Structure formats: C-alpha cells, structure tokens
Amino acid sequence: MLSIVKRILVQIKNDKRSLGLLLFAPLLVLTLLYFILGNANYVPQIATYDMSEKFNTELQQNAGVIELNEKPEAKDYLEKNGIDALIWKDSEGTHLELLEKNSKATTALKAIQDTNKVLQPSQSELLIDYVYETADDNQLDSLSYVFLGVISFFFVFILSGMSFVRERFGQTLERMLMTPISRMDIIGGYTFGYGLLSALQSVVIILFAVYGLHLHVEGSVSLCILVMILMAFSAVSVGALVSIFANNELQMVQFIPVVLIPQIFFSGLIPIDTIPFGLGNLCYFTPIYYGCTALEMIMIQGKGFLEIWPWLVGSVLFIGVLFLVNVMALKKYRRL
Amino acid sequence: MKIEVNQVDKSFKKQRVLNQINLTINSGRIFCLLGASGSGKTTLLRIMMGAIRSENGTVTIGGTKVPNRQLLAEMGYMPQNEALYEELSVWENLKFFAGLHKLKRKTFEKNAAELLQVVDMLQDKTKLVRDCSGGMKKRISLAVALIHHPKLLLLDEPTVGVDPVLRRRIWEYLKQLKSSGVTILVTTHVMDEVTQCDDAALLRNGHIIAKDTVENLIGMTPNGNIEELFFMNDQSEMEGATC
C-alpha cells in the first residue's frame with residue numbers, strides 16, 4: 001500500500017499541471033465567487049420624475065440619481081441608458097419600474113426602501129436580526145460552506161476518477177494486479193495517496209478562504225479543515241467507484257454532472273425539507289450532504305465537535321462503505 | 001514452472017474466442033503462442049495469469065490451480081502496451097513495481113541496474129517515461145516484468161517496435177534466463193520470432209491448429225516456413241468442407 005501512496009505522490013510531483021489544478025484551480029474559482037457574490041459596493045442608477053426635492057436629495061445618499069423633466073417610456077429608457085430603476089409620481093400614486101429581477105434591481109429597490117425609511121420613519125419599524133448571521137454577511141458568507149465543500153469535492157473527484165480510468169486503460173492497473181498485492185492494498189493506497197493530496201488541498205482552500213478572502217467562520221477553522229479532509233477522502237472513493245463504470249475518459253467526464261449535480265442540491269443550497277415527495281431523504285446517500293452540513297454548523301452556526309460529530313461519523317461511514325465497494329469492484333479485474 | 005491448460009473455453013459477448021484449449025508448457029522452456037491479431041493469444045495469456053475467468057477448463061502452474069495470489073509473486077508479466085507510469089522516471093517505475101513485489105532496496109538496486117543494462121536504458125534511468133520513445137518504453141516494460149527475477153515470465157508481444165540489434169540482445173537475455181530455469185511464454189504474430197523459442201502453439205480463431213517443438217513444426221512444412229502451417233490448415237479445412 002505504501003508503494004502506491006509513494007508512487008502517487010511522486011507522480012503528482014512530476015506532473016506540475018495536475019498539481020496546479022488540484023491546488024490553485026479551487027482558489028481561482030473561490031476568488032471569482034468572492035468578486036461575484038461578495039460585497040460588490042454597486043451603486044444603483046435610478047431615474048426620478050416628478051419626485052420631491054427631499055426624496056431626490058435623500059436618494060442620492062444611496063444611489064446615483066438622474067432627475068428627469070419629462071416622463072419617458074420606461075422600458076426603452078431603462079434599456080438604452082443602463083439605468084436600473086425609474087420612479088415617478090402621478091395621480092394614482094408612486095410607480096417604480098425595474099428592468100428585470102436581478103441583483104442590480106434588488107440594490108436599487110433597497111436604496112429606495114432605505115430612502116423611504118428616512119423620510120417616513122415609523123415607530124413600528126420591523127427590526128430584523130438573524131440568529132446565526134448578521135445583516136452585513138453577504139451571499140458568499142451565507143453560502144461559503146456550500147462552495148468550499150462542492151469545489152473541493154469536484155476537483156478531487158475529477159483527479160482521482162480520471163487517474164483510475166487511466167490506470168485501467170493504460171493497463172497499469174492490470175500490471176499491478178498481476179503482482180501479489182491485495183485488492184484492499186490497491187484501494188487503500190489509492191485512497192490514502194490521493195487523500196493526502198486532497199488533504200493538502202483542503203488546508204490550502206480553507207486558509208485562503210479565511211485569511212485571504214476573509215470569509216466569515218463562526219466556529220473553529222481546524223474543525224473546518226478536518227471536515228474538508230473527510231470530504232476529500234470521500235471524493236477520492238466516489239471518483240474511484242464511478243471510474244469503474246466508465247469505459248473511457250470521455251465517459252468519466254459524462255459522469256461528472258450525473259454524480260455532482262444531484263449532490264449540489266443536497267449540499268445546503270436548497271433547504272432539504274422543502275424538497276417534495278420525500279426526495280430530500282436521498283441526501284443520506286450523498287457524501288457532500290454530511291460534509292456541507294458539518295461545515296454549515298461550524299462556519300455559520302459556530303458549533304463545535306460535540307455538535308457535529310454525527311456528521312463526521314456519517315462521512316467516515318461513507319468512506320468505509322465506498323472503500324469496501326471499491327475493493328469488491330476490483331474483482332472485475334482480478335478474482336483474488 | 002510447468003503450465004497445464006486443460007479444456008479452456010472463453011467467450012466475449014456470445015462470441016467464442018477460445019475453444020477447448022489444451023496446452024502443456026514444460027518448465028525451463030521458451031514457449032511461443034503464435035497467431036494473428038485477434039486469434040486469442042492475449043486472452044489465453046490473461047486466463048493463465050488469472051486476470052480473467054474461463055468458462056470451462058482449468059489452468060495449473062507448478063501444480064497450483066490458477067488463480068492464486070501467491071503464484072503471482074513468481075510471475076513476471078509484460079502486457080502488450082507498455083503499461084508504465086508516464087509521469088514517473090524509468091527508475092521510479094522499476095522501483096514502484098519492485099515495491100509491489102516487496103523487494104529489498106539493495107536487491108532492487110542490483111536487479112534494476114542489471115536489467116537496465118540489458119535493455120540499454122541505464123543512461124536514461126532518470127528520464128521521465130513520457131519523454132521516452134515507443135521502443136524505449138517497450139524495453140522499460142520488459143525490465144519491469146523482470147525486476148523481481150520471476151520463475152515464470154509471460155510476455156505479450158515483447159519485441160514489437162524494438163530495433164533488430166536490441167531485439168537480438170533481448171532474446172539472448174531471455175535464453176540466459178531460460179538456462180537458469182525460468183519458464184518463458186511469449187506471444188507474437190511475427191513468424192521469425194518463433195525460431196528463437198523451443199516450443200510453439202499456433203492459434204487461429206481461438207483454436208490451436210498445431211503445437212510441438214519448433215524444430216518439429218518447421219519439419220512439418222515443405223519449405224521450413226512455419227507460416228505455411230496456417231495455409232496448410234486452411235487447405236485441410238477446405239478439403240474437409242468439400243468432403
């Protein structure tokens with residue numbers, strides 16, 4: 001088993017591209033997400049017609065304001081001028097027209113709501129607070145556990161799955177099986193070899209997310225690393241298992257959406273109890289569920305080991321079951 | 001190590017690729033399985049190793065029924081394509097497979113240096129396999145099969161793509177191994193290679209059409225060309241069909 005672990009490590013050391021893919025590609029994707037979902041400080045552009053001077057002045061605190069002298073046709077005006085919202089007043093009341101439902105429109109709407117709040121303060125204002133997050137947390141903070149889990153799982157799954165397919169088609173697996181090594185040693189060596197690399201990846205991802213991108217982590221960073229390492233080990237095992245059903249590298253690529261997309265649904269992106277027909281129960285068969293739930297509890301809810309251990313046990317059991325299934329599956333290539 | 005193949009049949013997706021194969025390969029001999037591509041040579045080789053299961057029949061090696069994991073420690077296998085790790089150097093590939101056979105470091109270093117000398121790769125031992133030519137990979141693959149000094153050597157088309165000078169050197173080395181008691185089974189589709197062997201079996205469409213010592217097989221042909229045996233078999237089949 002140790003020979004396989006050593007071989008994988010030397011192999012990846014000599015293959016700088018795969019090493020780069022494993023270590024730096026997830027950081028690149030995370031950085032991209034940081035800019036897309038993080039605090040973009042976008043200032044919405046809002047056109048006003050026939051609104052009070054007071055309103056326009058206050059709105060300027062929250063948005064770029066264009067005061068119009070005549071009311072234009074909303075659709076044409078918003079589209080051609082790149083304006084996010086048009087607000088005007090007539091005998092029926094105040095109208096607000098937004099181009100489409102997107103994050104820019106949401107920012108424009110918030111700017112108008114904030115302006116109204118200042119101009120018409122109400123004593124019975126609804127004060128919103130979150131148990132586990134603050135109103136300042138952005139989308140990336142709220143979904144960080146999903147992205148960290150899914151991105152890490154994705155890259156490890158591809159690397160291990162493809163490597164196993166290559167072992168089979170390059171006949172190195174057959175050659176290995178024609179030595180006295182046991183099937184358990186092969187799967188063990190594979191899992192630990194790629195698992196170690198993935199563990200390194202997990203540490204790099206978490207440290208980058210926390211100290212580089214300043215992602216909010218309520219609980220312990222080292223617990224996050226532990227969960228990520230377990231997820232990485234399960235990704236290696238899933239990759240090895242799926243590769244058995246792939247007859248070539250192209251088929252392995254085709255398996256990626258089949259294996260990954262359903263798991264993303266159970267990662268916490270959608271609340272599981274809102275999934276109809278009891279389909280949410282499928283989450284128990286996906287390793288990402290255990291990892292992402294534990295990550296959510298640590299990163300968002302600030303829970304510790306005593307609260308998350310059942311999910312850690314779930315992950316370990318998953319790895320154990322996949323390990324045995326992979327050992328059995330190797331029987332296809334050698335009976336003993 | 002004596003190999004005995006008894007009544008072996010094998011089909012893939014309802015297509016019969018091996019039919020009632022019976023073979024005896026005596027210890028310390030070089031045995032050649034000769035046949036065109038698709039004749040069933042590799043399948044038979046893989047059944048002998050225990051990599052795939054035959055539908056009927058048995059294979060025993062040195063009296064032990066295949067498959068047997070301990071038996072694999074005594075066997076060296078060289079697949080048809082190189083089956084090497086491209087991102088590892090020549091030396092690292094040898095070291096990895098030596099590790100699977102649990103070879104001690106000193107034994108490995110001695111064996112590896114000796115084998116790389118034979119296959120003329122000693123000066124390239126630090127080269128990554130991905131930077132080696134096809135012929136070089138073939139030579140490394142042979143060295144990998146021999147790294148643990150096996151008692152039984154199974155070589156699937158070992159000299160394809162190897163230049164004539166080196167081919168001769170490899171055959172000399174194989175004969176040297178034979179004289180030290182190693183049993184060698186070689187598959188080939190190159191007729192000339194047969195003359196290097198002691199015994200041979202001619203495989204066609206999953207049937208053994210002739211088997212004997214190479215000397216006797218040559219004696220059966222009108223012009224000393226073993227290839228003729230395939231044509232002679234063709235003719236007798238046609239005569240059989242017309243009768």
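Two strands pair if DSSP finds at least two bridges between them; helices (H or I, at least four residues) and strands (E, at least two) are DSSP runs, numbered from the N terminus. The model is predicted: local features need pLDDT of at least 70, side-chain atom pairs count only at pLDDT 80 or more, and totals for chains, interfaces and linings use all residues. Residues are numbered from 1 along each chain as its sequence is written, while chains are lettered from A and ligands numbered from 1 in the order in which they are written.

**Exercise 1.** Work out how strand 1 and strand 2 of chain A pair.

*Solution.* Start with strand 1 (residues 45-49) and strand 2 (residues 64-68) of chain A: five bridges join them, in the parallel sense. For one bridge, take T48(A), whose partner in strand 2 is E67(A). Then follow the chain from strand 1 through helix 4 (residues 53-59) of chain A to strand 2: this β-α-β crossover is right-handed (with the strands pointing away from the viewer, the path from the first strand over the helix to the second runs clockwise).

**Exercise 2.** Find the strand order and the edge strands of the open sheet in chain B.

*Solution.* The four strands of chain B follow the order 2-1-4-5, with antiparallel pairing. Next, look for strands that pair on one side only: these are strand 2 (15-25) and strand 5 (64-65) of chain B. Finally, check strand 5 of chain B: two bridges join it to strand 4 (residues 56-61) of chain B, and I61(B) has T64(B) as its bridge partner.
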